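Subject: Structure handover

Dear colleague,

Here is the structure I promised to pass on to you, with the sequence alongside.

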Amino acid sequence: MADFTAIKERQRQAWESGDYARVGVTLQIMAERLVEAAGVRAGQRVLDVACGQGNAAIAGARRFAEATGVDYVAGLLDQGRQRAEAERLDVTFMEGDAERLPFPDASFDVTLSTVGVMFAPDQERAAAEVARVTRPGGTLGLASWTPDGLVGMMFRAIGAYAPPPPQVRSPMLWGTQERLRELFGDKVEWVGLATRTYEFCYRSPEHFADWFLANYGPIHRLGSTMDDATLANFAADLAEVPKKFNRADDGTVLAAGEYLEAVGIRR
Ligand SMILES: C[S@@+](CC[C@H](N)C(=O)[O-])C[C@H]1O[C@@H](n2cnc3c(N)ncnc32)[C@H](O)[C@@H]1O
């Protein structure tokens, strides 16, 4: 069996670098849609896995659920606590690994992840953990970028400069029905599988590239290892990504990022 420990530590350091929360808050609408799709209701115990600064946990708490967020980057959890406090919401944020969730079996009525758990390198183990902590009859809700969408293309641009370790499968596979069925087998009955889009809005393709280089951990960290010429090429490649999907004709970016919104019932 592959040992993912060193890979995971490098990934954790990547998510810690930059200022992911500035990207994360732009994606809040995905979490709002996911809690609606998953039918989150008041009083339910809701877990947000790989929560970052807590988009899905906060969306759950806005509906009076008992919300918990778990992530392995302490700084992002602090941002989540500040956001919850600013909104006067009651959310518990805990440090933990998506591949070893710090909760007993069947602890939650609803387990959610918005473009979070998909990044765990041991996909089988992470899926098993998501299923384990969800009570039988409870709900899973996963929003995952698709391989051929904007973020899939962005990760291909990253891979051109830093190829992923061979034993790690692409996170974007969580954005395919086939892989979800493979990962969860008969533990989950998928009742809602919808391809949706998130609109990336930036001042220009170059602003998109600069914003991701400054803030998005995996890109920020990779960029910080490059010499000036390589960095300039990388920035130019990143600026090409939204261009492929852009519908704006005023120089700005209005580009649809495709993702799979999956809702399932834990058997
Ligand atoms: C793209 S961000 C998404 C964050 C948040 N869910 C959102 O909607 O903005 C990916 C998150 O997954 C977290 N993450 C990745 N692998 C993880 C793991 N193995 N255990 C816990 N968190 C993990 C990162 O720290 C980061 O916060």
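Predicted model: local features only at pLDDT ≥ 70, side-chain atom pairs only at ≥ 80, totals over all residues.

I begin with the ligand. Of the 23 residues around it, those that come nearest are W15, G24, A50, G52 and A98. Helix 1 (5-16) and helix 2 (20-24) each supply at least two residues of the shell, and the largest share, three residues, comes from helix 1.

A50, one of the residues that come nearest to the ligand, also deserves a look for its backbone. Most residues other than glycine have a negative phi. The phi of A50, however, is positive, near 55°, and the residue sits in the loop between strand 1 (45-49) and helix 4 (55-61). A50 counts as buried because 25 other C-beta atoms lie within 10 Å, where 20 or more are needed.

F64 is likewise not a glycine and has a positive phi, of about 65°; its place is in the loop between helix 4 and strand 2 (66-71). With 14 C-beta neighbours inside 10 Å, F64 counts as partly exposed, so its surroundings fall in the range between the cut-offs of 12 or fewer for exposed and 20 or more for buried.

Turning to the strands, strand 4 (residues 108-114) and strand 5 run parallel and are joined by six bridges, with L112 standing opposite G141 in strand 5. Strand 5 (residues 134-145) is mostly covered, since nine of its 12 residues are buried.

Finally, helix 11 (residues 228-245) has 18 residues and reaches 27 Å from its first C-alpha to its last, which is close to the 26 Å expected at 1.5 Å a residue. Its buried residues are F234, L238, A239, V241 and P242. These lie on the same side of helix 11, because they cover an arc of only 140° around the axis. What covers them includes helix 7 (150-161), strand 6 (188-202), helix 9 (205-215), helix 10 (217-224) and strand 7 (253-266). The face turned away from this buried side carries the exposed residues A229, A232, K243 and K244.

With best wishes

Conventions: Residues numbered from 1 in each chain as written. Helix = DSSP H or I, 4+ residues; strand = E, 2+ residues; numbered from the N terminus. Expected span 1.5 Å × (residues − 1). Arc of directions from axis to C-beta. Contact = placed C-beta atoms within 7 Å. Near = placed C-beta within 6 Å. Pairing = 2+ DSSP bridges.
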